[in-house]
Amino acid sequence: MNWPVFFTRLGSAIVFAIVMMFGLLYDNYMAIIALAVLIQFLCIKEFMPLMANIFPETNFPQWLTWLMQLCGLLILVSIISPESRMYFIAFTVPVLLLLLCVLQKKNTVLAGFSAIVGLLYISLPMAFLVTLRGIHFVIPLALILMIWMNDTMAYIVGSFIGKTPFSPISPKKTWEGTAGGAILTIVGAAIWGYFSKMPQYTMMDWMVLALLAAVAGTAGDLLESKLKRLAGIKDSGNIMPGHGGALDRFDSLLVTLPFAFCYVILFMI
């Protein structure tokens, strides 16, 4: 084993876990907002260069990334504070971005569409994360733990019995590992739901969230792998030594959050 690499990855993972748990568990609403803003900032910072590599014929102006950061904050605030009546901003931001890109002399239209996709991909899920934390801290915490468990169990099961490739996008994934990770995650959620002292949420609720974390989380991982393959890069960034970038760490969560948010709003409150 390469011990220096191991300890580098371990140190990064510990710092990452501390930051995530502080944002999720600290009894102050500003903590989760700060966490969402931090994740959003790092992911947008990596997303636009990724798109620039995928579409090298398109001009991606530097100001567009910073405008995206501002628009992402506006979308986040408008969604988590509906009483402020700022929610209309979420509808005007895409039009503004596209209009500014269309008016440029250089070919920036595709960059504008990429920015809109980036806001849907990153900013909306972060608003959902904050909203779910406001409903009950255990919901986003459980989602993140389910995603981690699914990834870990899929890797372990795949290492032992994995033989059938799951997707050409990610050759290391196998059907056996993917199925094993999902099943064990759902079983773990069922055990938690059975012994949980939270009567407002049923065991079935936790099992459905686990299924969403497994399926949508795997889809999110494949989506980001596909984007990196199109861009011709190995990692989306280097913010976490030994682990890659922010998009590498949050790809599963970004895709899981919209589905989990819809289920919670429709069936758990």
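**Burial, rings and pockets**

Modeller: F16 has a relative accessible area of 16%, so F16 is buried (buried is under 20% relative accessible area, exposed over 50%, partly exposed in between, with a 1.4 Å probe and protein chains only). The model is predicted: local features need pLDDT of at least 70 and side-chain atom pairs pLDDT 80 or more, while totals for chains, interfaces and linings use all residues. Residues are numbered from 1 along each chain as its sequence is written, and side-chain values use heavy atoms, with hydrogens and water left out.

Colleague: How many aromatic pairs are there?

Modeller: Rings of Phe, Tyr and Trp (its six-membered ring) pair if their centres lie within 6.5 Å; planes under 30 degrees apart count as stacked, over 60 as edge-to-face and the rest as tilted. By this rule, the count is 11 aromatic pairs.

Colleague: Are the rings of F16 and W148 stacked or tilted?

Modeller: The ring centres of F16 and W148 are 6.0 Å apart. Their planes stand at 50 degrees, so the pair is tilted.

Colleague: How many residues apart in sequence are the parts that F16 and W148 tie together?

Modeller: Helices (H or I, at least four residues) and strands (E, at least two) are DSSP runs, numbered from the N terminus. F16 belongs to helix α1 and W148 to helix α6, so the pair ties together parts at a sequence distance of 132 residues.

Colleague: Is W148 buried or partly exposed?

Modeller: The relative accessible area of W148 is 29%. W148 therefore counts as partly exposed.

Colleague: How large is the space in the largest pocket?

Modeller: On a 1 Å grid over the protein atoms alone, a pocket is an open set of points where a 1.4 Å probe fits, with protein on both sides within 12 Å along at least five of seven lines; lining residues have an atom within 4 Å of a point. Grid points are joined across faces, edges and corners, and a volume is the space filled by probe spheres set on the points. For the largest pocket that space is about 1900 Å³.

Colleague: Which helix gives the largest share of the lining of the largest pocket?

Modeller: The lining has 46 residues, with R9, D151, Y155, D221 and R249 nearest the centre of the pocket. At least two lining residues come from each of several elements, among them α1 (3–25), α6 (138–161) and α9 (246–268). The largest share, 11 residues, comes from α6.

Colleague: How many residues of the lining of the second largest pocket are nonpolar?

Modeller: The second largest pocket holds about 230 Å³ of space, and of its 15 lining residues F16, V19, L42, I239 and M240 are closest to its centre. Ala, Val, Leu, Ile, Met, Phe, Trp, Tyr, Cys and Pro count as nonpolar, Asp, Glu, Lys and Arg as charged, and the others, Gly among them, as polar. In this lining 1 residue is polar, 1 is charged, and the nonpolar residues number 13.

Colleague: Which helix gives the most to the lining of the second largest pocket?

Modeller: α1, α2 (29–54) and α9 each supply at least two residues of this lining. The most, 5 residues, comes from α1.
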